[in-house]
Amino acid sequence: MTSTSSASTTAPITAAASGRWTLGDLPVNRVGFGTMRLPQTGGALVPDAVPRDRHAALAVLRRAVDLGVNHIDTAAFYFSPLRSANELINSALAPYADDLVITTKVGPARDLTGEWAAHARTPEALRGQVEENLRQLGRDHLDVVNLRIVGTDSIAERFGALAELRQAGLIRHLGLSNVTPAHLAEAQAIAPVVCVQNRYGLGMRSSEDDAFVRDCGEQGIAFVPFYAIAAAGGEGGATGAEPAEILTVAQAHGVSPAEVRLAWTLHRGPHVLAIPGTGDLGHLAANVAAGALRLSEDELELLETLHRSAAATG
């Protein structure tokens, strides 16, 4: 088979090869960029993280845009000592291109030491987080704000507070993160939802999650998995040996297992987006190139069998 990795071509593959989806009225290429890993090296969202070299981080953001990435995922709580994802985005990319969509999230909070603090649950606290994102990004409105939650409690008050900020012009579109189908239904009764951002990937989660992915597509809502590459490694990144099925497909195409995982994710439906994050220029190019990787029916069935087996026992 012909390799689709960036190393096999003279011109780099761009994010346009992944196809497009629209977040509300904002068209984006389906391969985007997540900034969680950008402020530090090693594990993310930990107090003692080692700050990434600033020039290297800025170079990755600029290269991502050069490669056609126009969907960047961030949060004000993505930071390490000396580095903030939002500040890096502002420094690297402002003034922002008209087609660049920046998605952020509110709810979680970290104090100045990097330790986790109580989630924002009141309208006042949520507005404060929205305003902090606006300040750090240097914008007068946010393209998309995801309400990220923990637990199964009602989100009506919190989502309603964000809907009011949308009406006030501070937010253009609303999304949800780490939610259930019941949460989505509750939110849609208040205001339109353009995306759901949940943990999901090859061999992760259950059949109920697969159904949720399909249900979002049927409603025209983008599904944006996080940890699609890291899988069980989560904030710490990919860990452990890859299953033989993934290695077989990767070898057939001359690509990395990470690219196979991203390609499988994108094959779940045209509404499924990817937001892989990295601080490495080579990994960035490979992640973007995964949007051009077309898996055969036999390969998809092989990976689907792995997914069903792993998800059932995970």
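Reader: In which loop is L45 found?

Author: L45 is found in the loop between β4 and β5 (50–51). Helices (H or I, at least four residues) and strands (E, at least two) are DSSP runs, numbered from the N terminus. This is a predicted model, in which local features need pLDDT of at least 70, side-chain atom pairs count only at pLDDT 80 or more, and totals for chains, interfaces and linings use all residues. Residues are numbered from 1 along each chain as its sequence is written, and side-chain values use heavy atoms, with hydrogens and water left out.

Reader: What is the phi of L45, and is L45 buried or exposed?

Author: Most residues other than glycine have a negative phi, and most peptide bonds are trans. L45 has a positive phi, near 60°, and is not a glycine. Buried means under 20% relative accessible area, exposed over 50%, and partly exposed in between (1.4 Å probe, protein chains only). L45 counts as buried because its relative accessibility is 11%. L82, in the loop between β7 (79–80) and β8 (83–84), is not a glycine either and has a positive phi of about 85°. With 73% relative accessibility, L82 counts as exposed.

Reader: Which peptide bond is cis?

Author: The bond from A94 to P95 is cis, with omega near -5°. P95 lies in the loop between α2 (85–93) and β9 (101–106).

Reader: In what order do the strands of the open sheet of 7 strands stand?

Author: Strands of a sheet pair through backbone hydrogen bonds, either parallel or antiparallel. Two strands are said to pair if DSSP finds at least two bridges between them. Here the order is β3-β6-β9-β12-β13-β14-β15, with parallel pairing. The edge strands, β3 (33–34) and β15 (222–223), each pair on one side only.

Reader: How many bridges join β12 and β13?

Author: Strand β12 (residues 142–148) and strand β13 (residues 171–177) pair over 6 bridges. L142 has I171 as its bridge partner, and R148 stands opposite S177. Right-handed means that, with the strands pointing away from the viewer, the path from the first strand over the helix to the second runs clockwise. β13 also pairs in the parallel sense with strand β14 (residues 195–197), over 3 bridges, and L176 stands opposite V196. The crossover from β13 to β14, through helix α5 (residues 181–188), is right-handed as well.

Reader: Which residues touch the most other members of the largest nonpolar core?

Author: In soluble globular proteins, nonpolar side chains tend to be buried together. A nonpolar core is a set of buried Ala, Val, Leu, Ile, Met, Phe, Trp, Tyr and Cys residues joined through side-chain atoms within 4.5 Å. The largest has 72 residues, and V130, L162 and L176 touch the most other members. A second, separate core of 12 residues includes W21, V28, C195 and I275.

Reader: How is the length of helix α3 to be checked?

Author: The expected span of a helix is 1.5 Å times one less than its number of residues. The 15 residues of α3 (residues 123–137) should therefore span 21 Å, which agrees with the 21 Å between its end C-alpha atoms. Its buried residues include L126, V130 and L137. G138, with a positive phi near 70°, follows α3.

Reader: How many residues of helix α8 (residues 257–266) are buried?

Author: Of its 10 residues, 9 are buried, so α8 is largely enclosed by the rest of the structure. Among them are E259, R261 and W264.
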